Amino acid sequence: MFSWEASLSNELYFVRQYFYSGSYDKLSEIDTSSLSEKGLELTELYMARAKLALGESIESIQGTLTQKSAGGAALLALAGEGNMDHLIEQHGDTDAAVQTLGAIYLIHKEAYDEALSLLQKSVENLEAVALEVYIRLYQHKLEAAEAAITKSLDWADEEIVLQIAQSWVKLAKGGLDSYNDAFYVYEELNGSESNPRVLTCMACSDLCLLRTQEAVSSLRSALEMQSDYTPAAANLKTAVLALGPLAPLDAKQLYETSSCGAFLAKQLNQKSQEFDTLATQFLANSSA
């Protein structure tokens, strides 16, 4: 969510729920006629981001944005129509949508320190928290990621985007309880918003818990839902950009591996190598 306001919290509940869970078909069905002016502006931004993630045309994205705003301009810049650097310079200090979308743009450029600086200008912005968590984890700064979430709980409830960010921390932290906590987040989402993205997240959690059969089942279901997926079917570059916090959990890798078994074998082999390395280090330290 781009800003935390009590009135917008209720008004945009389903909008955020559908967007961050990847249920774009439900998002497009929302009736916007009764929304407030600010609620309509933010809803259109989420709808436009969904279209961008799905690889729709720039004309379709522009048609969704009936409200002129700095956030809308930033979304179009993210789609390749506009200068994001200029928008960040103009509106980055005050506009929550520009801060969020600008940070996604900077993350894609691997300008992580610049993205963090922009995000730290945000005030009560839940997606900014999630993006900061993503960057901190990428930088292997687990304590900083945990601190960002803890600080946000002073002013926000555990909204869906925050729950997802917490699940990333749990998976990075490791341990049976943490892996289970992460799995429960996606299991709950799957009960109401089942889609390839949520199923992929469930599979990742199952994999950490060494539940390979369950992981394979979820991945197969995800691929069946996305059976018509091909790399040419959507602009994957802009899809990853538009998804923001959910981008690290995209299911496109599953298609490229051609089979669930190959994907799982690769991940299990990586975990095995990491374990062997740690075991070797432990033995060396013990004998020293």
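Mentor: What follows is a set of questions about the wording used for this predicted model, each answered from its values.

Trainee: What makes helix 13 and helix 14 roughly parallel or antiparallel to each other?

Mentor: The axes of helix 13 (residues 176-193) and helix 14 (residues 196-208) cross at roughly 155° and come within 9 Å. Angles over 145 degrees count as roughly antiparallel, and helix 13 and helix 14 are therefore described as roughly antiparallel to each other. The crossing in which helix 13 passes helix 14 is left-handed.

Trainee: Which residues in helix 13 and helix 14 meet?

Mentor: From helix 13 the residues are Tyr179, Ala182, Phe183, Tyr186, Glu187, Leu189, Asn190 and Glu193, and they meet Val198, Leu199, Cys201, Met202, Ser205, Asp206 and Cys208 in helix 14. By class, this contact of helix 13 with helix 14 has 10 nonpolar, two polar and three charged residues.

Trainee: And why are helix 4 and helix 6 given the word they have, parallel or antiparallel?

Mentor: The axes of helix 4 (residues 37-53) and helix 6 (residues 70-78) come within 10 Å and cross at roughly 5°. Since angles under 35 degrees count as roughly parallel, helix 4 and helix 6 are therefore roughly parallel to each other. In their contact, Leu45, Ala48, Arg49 and Leu52 in helix 4 meet Gly71, Gly72, Leu75 and Leu78 in helix 6, and these residues divide into five nonpolar, two polar and one charged.

Trainee: Which residues of helix 11 are buried, and how do you know on which side of helix 11 they are?

Mentor: The buried residues of helix 11 (residues 142-152) are Ala145, Ala148, Ile149 and Ser152, where buried means under 20% relative accessible area. They cover an arc of only 95° around the axis, which puts them on the same side of helix 11. In general, an α-helix has 3.6 residues a turn, so residues three or four places apart point the same way.

Terms used
Residues are numbered from 1 along each chain as its sequence is written. This is a predicted model: local features need pLDDT of at least 70, side-chain atom pairs count only at pLDDT 80 or more; totals for chains, interfaces and linings use all residues. Side-chain values use heavy atoms; hydrogens and water are left out. Axes are lines fitted to C-alpha atoms, for helices over the stretch in contact, and angles run from 0 to 180 degrees between N-to-C directions. Helices (H or I, at least four residues) and strands (E, at least two) are DSSP runs, numbered from the N terminus. Angles under 35 degrees count as roughly parallel, over 145 as roughly antiparallel, 65 to 115 as roughly perpendicular and the rest as oblique. A crossing is left-handed if the near helix is turned anticlockwise from the far one by less than a right angle, and right-handed if clockwise. Contact means heavy atoms within 4.5 Å. Ala, Val, Leu, Ile, Met, Phe, Trp, Tyr, Cys and Pro count as nonpolar, Asp, Glu, Lys and Arg as charged, and the others, Gly among them, as polar. Buried means under 20% relative accessible area, exposed over 50%, partly exposed in between (1.4 Å probe, protein chains only). The arc is that of the directions from the helix axis to the C-beta atoms.
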